[in-house]
Structures are given as structure tokens and as C-alpha cells.
Amino acid sequence: MELSKVTLEIFSKLEHKWLSHCKPNNKTRILSIDGGGTTAIVAGEALIHLEDQIRLRTSDPHAQVADFFDIVAGTGIGAILAAMITAGDSFGRPLYTAREAVRLVSERNSELYKFKSGGVFRRRRKLSSRSMDNVLKQVFQRKEDGRLLTLKDTCKPLLIPCFDLKSSAPFVFSRADASESPSFDFELWKVCRATSATPSHFKPFDLASVDGKTLCSAVDGGLVMNNPTAAAVTHVLHNKHDFPSVNGVDDLLVLSLGNGSSNTKACENRTCSTPSVVDIVLNGVSETIDQMLGNAFCWNRTDYVRIQVRDRVNASASTLFFFLLLSLWSLRSVQNSDSFQRVFGLVLRN
């Protein structure tokens, strides 16, 4: 996943124009990463570039994305990235840099989303649960002592949604709840597995809290919260224990990263396949949340920044991000491009 030369040039121009005018502030900073797809191309490249710029501006070669956000939320593939950059080592530092997390997801993508062997005559092939389980266990195993990490082991507050078939309601895994009771503390690999259990590819994933008292039969969190930004904003506004200084959205700085919306042309002939319907649901949920938060922030694109790109299907990483940046330069999205580049400065505090 390397950015093309022209993409880097565009980034450089945007940063030269906006970063030099940025000043640090004391807002509570939220990072949200969408689900959708299996590659996280858009969000992954954005995270890598953000971390590079943080290191450049702080002159700290070890600075990481998690150091400069107060809470991170993610769904599906976005949850895997969110959990990786917030999972803590034995010293309380993030286990993975953004670049390491994105590279690992890229290198082991064929194992995370491996089709089952056999089933030639089936109309829809399922993905291997065992293969994904094995990769996630390895990813969230602490290197120092071999222990499987839980929600309590994250170095920053983390939110990850799924849909629980037992209660027929959304279920949000959070470090705040895990810190209150072991009945709400879950192993990170299971949390990521739960939010990734897309019904068309996986069976529902059954999991239990570390003390065995809370049970959940989970399917893909993207069905209800593909864009988890609203859940993160609501969590911060109502969690005075962890965020005592937050009284309203004016106290927040939000960066919401999409993962590209799917092409839904399969419905042009008035007939929609099941995968197309799922794509419509995921895209619709994300766009609805964006509209709601835009209204809540009075379309202040300095404090609320949403980065998204259209038609992720059949596009390379560099091409996708190139079109993303072109869209940010367009007249329609000029406010968004300004704000996105300002985020690199706004997330920094003295």
C-alpha cells in the first residue's frame, strides 16, 4: 500500500497551506473508523499519513496515533485497526503503530478472509471462521508474556459494536464497561471477531465475557453501526467519569474515516442480490450518521471531519486515495479538505 507520487504531492500542498496555521487546543479528540470491505484501504492510508505527520510535527519518531486521540471507535475491518492501534503492551504503550497495523492486515488479508474449501455447488461461499480466529488470536496476543489481551488492556478507551441475536439489539463493547466489571470485559480477538461476523460470510459468533457471566451471539456490527462515530460521540457526552470536561459537541474534535462506499449498480434492473442489499444497508447507515453528526456540529468542518470515497470496488490502494484527495480538492468538498488537513495540527497539544 504505497501512495503514488502525485498523491504525496497533493498531500504536501494541502499541508503546506493548512498545517502552518494550526494551533493546538484542549478539545476531546475522537477517532472513528468505518467497517465495510476487507482491506481498509482508505482508512489505512489515512492513519499511516496522520501518524507520519504527527511524528514530523512533534519531532518524536515514536509518537503514535493513539497518543493523540482520547477515544477510538471502529466497526468490522475498522474495528480490527482500532483495536490494534490501542491494544497496550506490558508498558502501556500501543502494541502496533498505524503502519504496522495496516501492513499486518494487508499481509494476512488472505488468512483473515479465507474462503472455505469445498462447496463447489453452493451459490454463496462462506469464509473460514477458523482461519480468521487464528489470525486474530496471534494479533492480540501480548508478545512479552503470551497472554491474550482484553478490552481492559487497551491504552485508550475503545468502542466496538456488534448486533446481539440473543437480545435482538446492538451491543457495544467498551473499555469503560470492562473497567467497571469483568462481566463486560472480553478478549480483544473475540470482540473483533464478533463485529466482523457478516451474515453472508460467517455464522453468528458466540462469545462470553472473561468471567463467563455475559453471553452474546454476535453478527456484523456494520448492520447497525457501520459508521460508529455517533456511538463514540454519545459515549463521550454521557461518560463524565472519563471525560469530565466535555459538556457538548463544542468540546469535541472528531475525525471519522470511511472505508469507501461500494458500487450498488447491481440494483439498476430493479432486482437486488443479497450482497447488494447488505452494501446498501452499510452505506445507508454510514451516510445517515454523517448527516446527523453534520447537523449536530452545525456543519462545522473544523471540529467534525468526515473522510469518505465512492466506489471502492476494483480500485487499487493508490488510485482510491488519489480519487479521495481529488474529491477533497473539488469545490463541493473544499471545506472537508481544509478541515482534514487542519486535523493534523488540531490533534497536537503542547
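Is Phe 297 buried or exposed? Phe 297 is buried, because its relative accessible area is 6%; buried means under 20% relative accessible area, exposed over 50% and partly exposed in between, with a 1.4 Å probe and protein chains only.

Before going on, some bookkeeping. This is a predicted model, where local features need pLDDT of at least 70, side-chain atom pairs count only at pLDDT 80 or more, and totals for chains, interfaces and linings use all residues. Residues are numbered from 1 along each chain as its sequence is written, and side-chain values use heavy atoms, with hydrogens and water left out.

Now the overall picture. The protein has 13 helices and eight strands; these are DSSP runs numbered from the N terminus, helices being H or I with at least four residues and strands E with at least two. Of the 350 residues in the protein, 55% are buried. Among contacts with a separation of 6 or more, 71% are between residues 24 or more positions apart, where contact means heavy atoms within 4.5 Å.

Back to the aromatic residues. The whole structure contains five aromatic pairs. For Phe 297 and Tyr 304, the ring centres are 5.6 Å apart and the planes are at 20°, so this pair is stacked. The rule covers rings of Phe, Tyr and Trp (its six-membered ring): they pair if their centres lie within 6.5 Å, and planes under 30 degrees apart count as stacked, over 60 as edge-to-face and the rest as tilted. Tyr 304 is buried, with a relative accessible area of 1%. Elsewhere, one aromatic cluster is formed by Phe 171, Phe 173 and Phe 186.

Next, helix packing. Helix H2, residues 41-58, packs against helix H4, residues 98-107, at an angle of about 155°, and their axes are 8 Å apart. Axes here are lines fitted to C-alpha atoms, for helices over the stretch in contact, and angles run from 0 to 180 degrees between N-to-C directions. H2 and H4 are therefore roughly antiparallel to each other. The cut-offs are under 35 degrees for roughly parallel, over 145 for roughly antiparallel, 65 to 115 for roughly perpendicular, and oblique for the rest.

The crossing of H2 and H4 is left-handed; that term applies if the near helix is turned anticlockwise from the far one by less than a right angle, and right-handed applies if clockwise. On the H2 side the residues are Gly 44, Leu 47, Ile 48, Glu 51 and Asp 52, and they meet Ala 98, Arg 99 and Val 102 in H4. By class, this contact of H2 with H4 has four nonpolar, one polar and three charged residues. Ala, Val, Leu, Ile, Met, Phe, Trp, Tyr, Cys and Pro count as nonpolar, Asp, Glu, Lys and Arg as charged, and the others, Gly among them, as polar.

H4 also packs with H3. The axes of H3 and H4 come within 9 Å and cross at roughly 140°. That makes H3 oblique to H4, and the crossing is right-handed. From H3 the contact uses Ile 77, Ile 80, Leu 81, Met 84 and Ile 85, and from H4 it uses Ala 98, Ala 101, Val 102, Leu 104 and Val 105. Which classes of residue make up the contact of H3 with H4? It has 10 nonpolar, no polar and no charged residues.

Ile 33 lies in strand E1, residues 28-33, and is buried at a relative accessible area of 0%. Beyond its neighbours within four places in sequence, Ile 33 has contacts including Ala 43, Leu 47, Leu 81 and Pro 228. Ile 33 and Ile 307 are 274 residues apart in sequence, yet 9.9 Å apart in space, C-alpha to C-alpha.

Helix H8, residues 188-195, is mostly covered, with seven of its eight residues buried. Trp 189 and Arg 193 are among them. The elements covering the buried residues of H8 include H3, H6, E3 and E4.

Last, two loop residues. Most residues other than glycine have a negative phi. Ser 59, in the loop between H2 and strand E2, has a positive phi near 60° and is exposed at 65%. Ser 168, in the loop between E3 and E4, has a positive phi near 55° and counts as exposed at 56% relative accessibility.
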